[in-house]
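Student: Could we go through this model together, setting each value against its definition before we draw a conclusion?

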Amino acid sequence: MGWDAFGLPAENAAIEHGELPEVWTRRNIAAMRKQLDDMCFSFDWNTEYATCDPEYYKWTQFIFLKMFEKGLVEQREEIVNWDPVDETVLANEQIDEKGRSWRSGAKVQKIYLRQWFIKTTAYAKSLLDGLSEVDDNLWKDVKKLQKRWIGTCTGTRIDFRLRHDGVEWEDPLAVFTTTPEALYGVSHVALPTKHRLNVKKYYKFPHDKDETKEILLSVEAMHPFTGKSVPIIVSPGVPNLPYTPDNEHLAIPCISEEDKFIADKMGFTYTNVMDDDVIVHSGQFSGLGRVETRASILQFAKEKKIGGYLMSLDSKDWLISRQRYWGTPIPIIHCSKCKAVPVPLGDLPVKLPPITEFTGKSSPLKQATDWLKVPCPKCGCPAERETDTLDTFVDSSWYFLRYLDAHNTEAPYSPDKANKYMPVDLYIGGKEHAILHLYFARFFNHFLCDYGELKHREPFINLLTQGMVMGQSFNIKSSGKYLRKEQVDFMGEKPVVKGTGEEVVVQWEKMSKSKYNGVDPQDVIDQYGVDATRLAILGTVPPRANREWSNQAFVNITRWQSRVWNTITKYIELSTDPVSSEMDPSKLTKIDDTLFQHRNHLINEVTISLETLFNTSIVTTLLFDFVKKLKAVPDEAKLVSREYERCLADMIIIIAPFAPSFGEELWAGLSSVARTTEYFWNKGVFDQKWPSVDPNMLIRVKLTENRGRHVGQITIKLKEYGLLNEKEILKLCTQDKKFVRTVGNSYAGFQWSRNEFLQAVLDFTVTKHTSQKGKIGERSEEKTS
């Protein structure tokens with residue numbers, strides 16, 4: 001267990017409570033750890049860490065610099081939500097319906113800021129191909145979500161340097177194309193009307209903005225291979241994509257009639273580079289086939305670090321910089337002479353400077369002069385540290401590797417340990433993580449694999465996308481601002497804000513600090529106890545389903561706990577003061593046989609539910625039902641029954657992982673009077689073996705013909721499954737009149753099948769139905785399977 005401790009929620013909470021983010025965070029970690037211990041969770045605290053520990057984020061910075069070294073990190077302008085009052089960037093969820101900041105109330109502006117990006121698009125094809133390595137049955141619809149997010153990798157982006165009035169710009173224009181093999185045939189670059197370069201100051205000719213026709217810009221692109229000037233136009237024919245506002249089109253007339261029409265109309269020159277399936281007039285690539293040229297140009301672009309990676313049009317790089325204090329410092333130093341210079345690895349970690357006040361307005365890093373001002377590692381000239389911090393997803397995209405080697409001071413983790421224990425057996429995360437976090441974690445793992453630090457490309461074997469815990473939220477209808485419950489007046493027909501009377505919307509939403517709809521586990525524990533709380537979490541809905549948290553669930557849980565307690569108490573009382581009574585042996589045998597079947601069904605279904613389905617709600621339902629069955633056993637049978645005490649013991653062992661303290665108390669009570677010898681009564685419940693299904697358990701076998709029609713049913717012992725010979729099978733089947741009537745001796749073979757819930761089928765291959773005058777078993781020499 002560890003703590004994803006950096007980020008905006010911690011900053012906002014610190015501001016709200018008038019504290020420093022680190023003080024608030026550390027105190028909450030301590031409180032939450034105590035709650036986890038109180039809840040009897042058995043985490044390995046020896047590997048505990050928090051992402052805000054310098055010992056951890058040192059290695060986050062180390063991995064970042066390795067990506068920087070490989071050309072996978074860059075800084076460029078990107079549009080952001082800017083709060084002009086607090087002077088900070090806002091996430092979308094911090095902006096209300098009227099486009100104002102929830103914190104300051106200022107009208108949010110869309111501005112361009114220089115931001116840091118990790119080029120996840122360079123791994124789009126690798127991440128798409130990696131999905132073929134995962135198990136469809138385990139990943140289910142998450143695999144489809146990942147594929148949809150990545151898209152079809154049929155194109156690439158190529159960087160074109162930009163120049164305006166003879167001055168070359170720092171940021172290139174990354175232009176998407178599905179035909180890189182024809183790169184030498186480009187006539188122009190076309191931009192959509194909402195592109196950031198579509199502003200009057202860049203118009204070649206001073207005319208009014210007209211979005212119905214092409215507009216030539218004074219900004220020009222430079223061909224990445226030839227260095228020649230390539231004109232740029234704004235064209236209404238290029239779609240404005242919602243997720244790719246800077247969508248650009250590479251116009252190649254020799255393969256597009258529309259591009260040819262516009263190029264001729266605008267008077268642009270171009271070259272035909274296609275001669276049937278051979279590339280011509282393309283420098284060193286001339287004379288190659290189209291497929292070969294495509295591969296060669298992509299590789300050449302990668303070597304020049306100007307693109308060349310296969311991706312989809314919608315693929316976007318990962319914007320990782322945040323204009324905030326409480327995050328991992330980006331280990332870059334800005335020098336006017338050397339530009340962006342990586343911090344030497346020996347100087348890591350770049351620690352956050354201590355602060356004495358935190359208001360949330362602007363970043364304190366900009367005012368920490370002693371921290372900010374440093375010499376350039378390259379030339380020694382005065383320079384400044386980067387004041388943006390990393391997106392918290394960067395911290396959490398490799399945390400699973402650190403668990404394997406949490407105290408390593410020489411490396412993020414030991415490759416030997418990682419290669420021994422990776423991949424992760426089970427990834428548990430909400431549906432909202434099925435795209436972003438899972439995508440970023442897979443990207444990190446693919447990169448580290450290429451870097452030679454891992455041998456497993458895919459980091460996760462199995463996925464469990466758990467549902468959300470929903471709490472009641474309250475927000476002002478007119479503004480969308482969230483309130484605490486105590487700020488709402490419920491006395492009238494509709495809930496309203498106390499003091500103002502504004503209407504309040506009440507709804508069930510995912511629990512969130514920002515929505516004030518979370519539930520403090522300590523309050524629940526104090527009211528209902530640890531075991532009832534655990535049972536409420538585990539037992540009321542399947543893990544994959546959303547749940548609306550309500551204390552009403554505790555009514556049934558505490559009632560069931562009382563029934564279990566009373567059942568064990570009654571057995572102890574009967575054992576210490578036995579009632580002498582005679583029991584009809586046949587009746588006792590029937591009770592024992594029934595209990596034997598009930599106990600084994602419980603063991604099998606619980607084990608499968610936990611090991612295969614991860615469905616704890618099924619287990620509690622089975623346990624609830626099992627207690628009812630035990631309650632039906634008459635008192636005079638309980639002490640003389642060979643099965644009743646075993647039922648109690650196995651039930652308690654199954655209860656224990658769900659309610660450990662309750663389970664130990666029950667076990668201690670039963671141990672004091674136990675008579676059976678197959679348990680370790682002198683030890684605790686967690687020292688017992690998990691119960692297993694008795695091979696003498698009876699299972700029903702459904703009889704079918706030709707894998708379809710139901711033609712009867714037989715009962716056999718579990719150990720006989722698949723082992724009975726044909727004569728024994730027929731002897732059992734002939735006891736079923738339906739089988740005799742429908743199949744008789746007209747079968748050519750049979751085949752067993754069984755699922756994990758011990759639901760068995762015996763299917764007969766029937767060639768034709770004959771008269772039933774002959775004896776069963778008398779048939780031709782056609783032999784069975």
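Student: Why are aspartate 38 and lysine 34 said to be separated by about one helical turn?

Tutor: Because aspartate 38 and lysine 34 are four residues apart in helix H2 (residues 21–38), about one helical turn separates them; helices here are DSSP runs of H or I of at least four residues, and strands are E runs of at least two, numbered from the N terminus. This is a predicted model, in which local features need pLDDT of at least 70 and side-chain atom pairs pLDDT 80 or more, while totals for chains, interfaces and linings use all residues. Residues are numbered from 1 along each chain as its sequence is written, and side-chain values use heavy atoms, without hydrogens and water.

Student: What makes the contact of aspartate 38 and lysine 34 a salt bridge?

Tutor: A salt bridge requires a side-chain nitrogen of Lys or Arg within 4 Å of a carboxyl oxygen of Asp or Glu; for aspartate 38 and lysine 34 the N to O distance is 2.8 Å, so the pair qualifies.

Student: Why is lysine 34 called partly exposed?

Tutor: Buried means under 20% relative accessible area and exposed over 50%, with partly exposed in between (1.4 Å probe, protein chains only); lysine 34 has 49% relative accessibility and therefore counts as partly exposed.

Student: Which parts of the chain does the salt bridge of glutamate 214 with lysine 265 tie together?

Tutor: The closest N and O atoms of glutamate 214 and lysine 265 are 2.9 Å apart. Glutamate 214 lies in the loop between strand S7 (188–191) and strand S8 (215–222) and lysine 265 in helix H7 (residues 257–266), so the pair ties together parts 51 residues apart in sequence. Glutamate 214, at 15% relative accessibility, counts as buried.
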